[in-house]
Amino acid sequence: AVDLVRARILYPFILVAWSLATLLQGFISSFAALIGCRMAIGVFEAPSYPCNNKIVTSWFPENERASAIAIYTSGQFIGLAFLMPVLALIQSYFGWRGLFIISGIIGILWATIWYIFYRDPQNHKKISEAELKLIKDGGGLVANKEKPEVKKFDKQDLINAFKYRKLWGLYIGQFCLGATTVFFLTWFPTYLVEFRGLDFIKSGFYASIPYLAAFLGVLLAGFTSDFLIKKGYTPEIARKAPIIIGMLLSIAIIGANYTENTTLIIFFLSLAFFGNGLASIAWIFISLIAPKNNIGLIGGAFNFIGGLANVIVPIVIGYLVQDGDFSPALFFIGGIAFLGFFSYTFIVGKVERIVPKV
């Protein structure tokens with residue numbers, strides 16, 4: 001869909017769809033309906049990050065792309081950092097149903113704003129020919145202004161998405177990155193409240209600290225990576241170094257198993273999520289490595305395999321903590337982070353675009 005439908009149309013459609021599914025959760029009562037809504041959210045959220053990447057690839061030259069990716073990726077962390085206490089308060093006053101309803105309404109409003117204001121670069125009234133040339137000359141994939149090329153799907157494209165070692169390195173790495181992220185999105189509040197004994201409201205404020213760390217990490221990675229590219233460093237250093245360092249730092253989550261001090265617990269978890277933020281510019285590799293005509297498709301595969309962490313990891317953690325001990329779960333997340341380090345370091349290899357053989 002990302003390769004075939006314009007972002008101005010696709011993005012508000014999927015945003016409204018998943019916002020409606022979110023909103024409906026505030027009214028339903030059956031477990032089956034709840035599962036259906038959660039599945040709908042997953043289906044309609046899935047194209048968002050490939051769409052983000054396609055937009056960045058169209059709007060920015062390669063030497064500015066990591067910063068752009070860092071800025072839009074940081075939004076999820078800064079939102080969670082400041083909204084964790086707010087969401088806790090909303091739930092306290094309006095209940096979980098009110099929380100879903102308010103979140104859904106906000107999403108629908110934002111979809112409207114997007115449709116009104118967003119344009120692709122070749123269709124934006126305020127962009128000059130010189131700016132378009134700068135983007136194109138810098139490797140930005142700007143469509144033809146008069147008649148944008150629409151590429152028909154070919155089964156070979158799907159084969160290309162899964163036949164290259166480099167791409168599998170990215171897919172495995174994204175799964176590992178997603179494992180750390182989903183821990184903080186799902187089990188982290190439970191860890192603080194049930195295992196560490198913090199009250200619900202207080203845990204909301206403590207939980208915001210790692211998200212702030214991740215926010216700082218992703219911005220630092222993006223701007224540092226682009227800075228190094230402009231200084232002439234190779235993509236192996238400028239693009240891979242923040243991700244490799246970030247995956248190594250994510251292993252620090254294991255440190256929380258060895259202390260009862262709340263400050264140190266939050267420190268280790270924040271260091272791990274800071275590392276997760278550093279590694280979150282991994283989308284830059286899709287625009288640099290994927291064949292030019294398959295950026296959306298491969299971005300979808302990258303997002304899908306990374307998204308599998310959202311399904312698998314919470315279940316595994318639930319099994320590991322069923323006796324009330326979170327220590328095995330933190331070892332599990334640390335081990336997954338090490339696998340991500342290995343994948344980005346040794347499986348991805350040299351950062352260069354794949355050119356499929358005809």
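At 37% relative accessibility, Glu-352 counts as partly exposed; this class lies between buried (under 20% relative accessible area) and exposed (over 50%), with a 1.4 Å probe and protein chains only. The structure is a predicted model, in which local features need pLDDT of at least 70 and side-chain atom pairs count only at pLDDT 80 or more, while totals for chains, interfaces and linings use all residues. Residues are numbered from 1 along each chain as its sequence is written, and side-chain values use heavy atoms, leaving out hydrogens and water.

**Salt bridges**

Glu-352 pairs with Lys-350 in a salt bridge, a term that requires a side-chain nitrogen of Lys or Arg within 4 Å of a carboxyl oxygen of Asp or Glu. Lys-350 counts as exposed because its relative accessibility is 52%. A search of the whole structure finds three salt bridges, listed below.

| Salt bridge | N to O distance |
|---|---|
| Arg-353 and Glu-62 | 3.8 Å |
| Asp-226 and Arg-239 | 2.7 Å |
| Lys-350 and Glu-352 | 4.0 Å |

Side chains of opposite charge can pair when their charged atoms come close. The bridge between Arg-353 and Glu-62 links distant parts of the chain: Arg-353 belongs to the segment after helix H14 (327-347), whereas Glu-62 is in the loop between helix H3 (48-59) and H4, and 291 residues separate them. Helices here are DSSP runs (H or I) of at least four residues, numbered from the N terminus. Arg-353 has a relative accessibility of 23% and therefore counts as partly exposed; Glu-62, at 29%, also counts as partly exposed.

The bridge between Asp-226 and Arg-239 has a sequence separation of 13 residues, with Asp-226 in helix H8 (residues 200-230) and Arg-239 in the loop between helix H9 (235-238) and helix H10 (240-250). Both of these residues, Asp-226 and Arg-239, are buried.

**Nonpolar cores**

In soluble globular proteins, nonpolar side chains tend to be buried together. In this model, the largest nonpolar core has 71 residues, and Phe-183 and Tyr-344 have the most contacts inside it. Such a core is a set of buried Ala, Val, Leu, Ile, Met, Phe, Trp, Tyr and Cys residues joined through side-chain atoms within 4.5 Å. Helix H7 (residues 165-195) supplies the largest share of this core, 13 residues. Another core, of 13 residues, lies apart from it and includes Ala-7, Ile-14, Leu-15 and Ala-21.

Neighbours within four places in sequence aside, Phe-183 is in contact with Phe-188, Ile-253, Leu-269, Ile-317, Phe-326, Leu-330 and Ile-333, where contact means heavy atoms within 4.5 Å.

Tyr-344 is found in helix H14 and counts as buried because its relative accessibility is 1%. Not counting residues up to four places away in sequence, Tyr-344 touches Leu-170, Gly-173, Gln-174, Lys-240, Ile-243, Ile-244, Met-247, Ala-282, Phe-285 and Phe-302. A polar atom of the Tyr-344 side chain lies 3.4 Å from the backbone nitrogen of Gln-174. Tyr-344 and Tyr-171 are 173 residues apart in sequence, yet 9.5 Å apart in space, C-alpha to C-alpha.

Ser-343 also has its place in helix H14, and its 0% relative accessibility makes it buried. The Ser-343 side chain reaches the backbone oxygen of Gly-169 at 2.7 Å. With neighbours within four places in sequence left aside, the contacts of Ser-343 are Trp-168, Gly-169, Ile-172, Gly-173 and Val-348.

**Asn-276 and Thr-181**

Asn-276 lies in helix H11 (residues 262-279) and is buried, its relative accessible area being 0%. Beyond four places in sequence, Asn-276 touches Phe-77, Leu-177, Thr-180, Thr-181, Gly-246 and Ser-250. Thr-181, placed in helix H7, counts as buried at 14% relative accessibility.

**Nonpolar surface patch**

Val-5, Ile-9, Trp-110, Ile-113, Tyr-115, Ile-116 and Phe-117 make a nonpolar surface patch of about 690 Å². Patches are made of residues with over 30% relative accessible area and no salt bridge; like charges are joined within 9 Å, and nonpolar side chains (Val, Leu, Ile, Met, Phe, Trp, Tyr) within 5 Å. Accessible areas come from the Shrake-Rupley method with a 1.4 Å probe, and for residues only the protein chains shown count as cover. Helix H4 (residues 65-117) provides the largest share of the patch, five residues. Val-5 is found in the segment before helix H1 (7-24) and counts as partly exposed because its relative accessibility is 34%.

Definitions and conventions
Helix = DSSP H or I, 4+ residues; strand = E, 2+ residues; numbered from the N terminus. Polar contact = N/O pair within 3.5 Å; in protein donor to acceptor, adjacent residues only side chain to side chain.
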